[in-house]
Amino acid sequence: MSVSIIIGFERVVSKYLPIRTQKSMRVYTTLLQSQEERIDFTFVKGKTGLSSVELTRTIKNLSDNYLVETFI
């Protein structure tokens, strides 16, 4: 599945999902768009417009569901 299809899917579906799920989709599509294997927290924060707390919670949720891997 291409990134453009995923982004289109996110836009269509997000209005029907809870806010928490919308944030997860926004972060996940931002990560998929990147060409880098490891992506900086600040980059994702700037692209998604989420606060540090919201982004940390969202990344933890994605990590707990084995969708992303985090590094320090």
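1. Tyr-28 sits in helix 2, where a helix is a DSSP run of H or I with at least four residues, a strand is a run of E with at least two, and both are numbered from the N terminus. With a relative accessible area of 28%, Tyr-28 is partly exposed. For that label, buried means under 20% relative accessible area, exposed means over 50%, and partly exposed is in between, using a 1.4 Å probe and protein chains only. Setting aside neighbours within four places in sequence, Tyr-28 is in contact with Leu-62, Leu-67 and Val-68; contact means heavy atoms within 4.5 Å. Tyr-28 and Thr-48 are 20 residues apart in sequence and 9.9 Å apart in space, going C-alpha to C-alpha.

2. A quick word on what you're looking at. This is a predicted model, in which local features need pLDDT of at least 70 and side-chain atom pairs count only at pLDDT 80 or more, while totals for chains, interfaces and linings use all residues. Numbering starts from 1 along each chain as its sequence is written, and side-chain values use heavy atoms, with hydrogens and water left out.

3. Now the overall layout. The protein has four helices and zero strands, so its elements, each one a DSSP run, read α-α-α-α from the N terminus on. Of its 72 residues, 29% count as buried. Among contacts with a separation of 6 or more, 40% join residues 24 or more positions apart. The protein exposes about 5,500 Å², and carbon and sulfur atoms supply 55% of that; accessible areas come from the Shrake-Rupley method with a 1.4 Å probe, and for residues only the protein chains shown count as cover.

4. Thr-30 is also worth a look. Thr-30 lies in helix 2, residues 19-33, and is buried, with a relative accessible area of 9%. Leaving out neighbours within four places in sequence, Thr-30 is in contact with Phe-43, Val-44, Lys-47 and Thr-48. One of these, Lys-47, is 17 residues away from Thr-30 in sequence, and their C-alpha atoms are 7.1 Å apart.

5. Which residues make up the largest nonpolar core? There are seven: Val-27, Val-44, Leu-50, Leu-55, Ile-59, Leu-62 and Val-68. Helix 4 gives the most to this core, with three residues. A nonpolar core is a set of buried Ala, Val, Leu, Ile, Met, Phe, Trp, Tyr and Cys residues joined through side-chain atoms within 4.5 Å. In soluble globular proteins, nonpolar side chains tend to be buried together. Not counting residues up to four places away in sequence, Val-44 touches Val-27, Thr-30, Leu-31, Ile-39 and Leu-55.

6. Next, the largest pocket, which holds about 480 Å³ of space. On a 1 Å grid over the protein atoms alone, a pocket is an open set of points where a 1.4 Å probe fits, with protein on both sides within 12 Å along at least five of seven lines, and lining residues have an atom within 4 Å of a point. Grid points are joined across faces, edges and corners, and the volume is the space filled by probe spheres set on the points. The lining has 15 residues, and Ile-39, Ile-59, Glu-69, Thr-70 and Phe-71 lie nearest the pocket's centre. Helix 3 (41-48) and helix 4 (52-64) are the elements that give two or more residues to the lining, and helix 4 has the largest share, three residues.

7. Finally, Tyr-66 lies in the segment after helix 4. Its phi is near 60°, a positive value in a residue other than glycine. Is Tyr-66 buried or exposed? At 75% relative accessibility, Tyr-66 counts as exposed.
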